[in-house]
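Please open the model in your viewer and keep the sequence beside it, so that each stop can be selected by residue number as you read.

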Amino acid sequence: MEGHPVLAQTILAEGAQEGSGLLGMILPFVLIALVFWLLILRPQQKRKQQETKMQSELQPGVEVLTKAGFYATVVEVRDNEIELEISPGTRIRMLKAGVGDVVKPDGGVTDDTPVEDRPDFPGNDDKNDGPR
């Protein structure tokens, strides 16, 4: 009769090892899924929400940068599309989803110096001017 308690303990220990083995196999997959969600999916959802909010708050007169890389001014806002002026007298119609960002005014002094007169313009160095 002394062997029966030892046998029961051995069976219980083996059952516990099998349960932890299954948990040990599933746990890495759960951790990988959690890390994937935290690092990739959650930030992507937040960016999408911010972009949707920005696009819903568009108003005429706001300067925007489209996803195609055009700077434009909002002229008219409709349900899911907007009318943009990309140069004086040139208007285009596009989906709100095509707006990538709202351009914030700097509020500072703008530099009206022509490009060729700026110090960083190529050719402004005196070494390449040739003989004088």
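Begin by selecting Y71, which is exposed with a relative accessible area of 52%, where exposed means over 50%, buried under 20% and partly exposed in between (1.4 Å probe, protein chains only). This is a predicted model, in which local features need pLDDT of at least 70 and side-chain atom pairs count only at pLDDT 80 or more, while totals for chains, interfaces and linings use all residues. Residues are numbered from 1 along each chain as its sequence is written, and side-chain values use heavy atoms, with hydrogens and water left out.

Y71 lies in strand β2, residues 71-77; strands (E, at least two residues) and helices (H or I, at least four) are DSSP runs numbered from the N terminus. Now show what surrounds Y71: leaving aside neighbours within four places in sequence, Y71 is in contact (heavy atoms within 4.5 Å) with E63, V64, L65, I86 and V103. Then select D101, which is 30 residues from Y71 in sequence, and find the two C-alpha atoms 9.7 Å apart in space.

Next, go to Q55, which is found in helix α1, residues 3-56. Is Q55 buried or exposed? Q55 is buried, with a relative accessible area of 9%, and, apart from neighbours within four places in sequence, Q55 is in contact with K96, A97 and V99.

Finally, display the whole chain, which has one helix and five strands, running α-β-β-β-β-β from the N terminus on. Of the 132 residues in the chain, 11% are buried.
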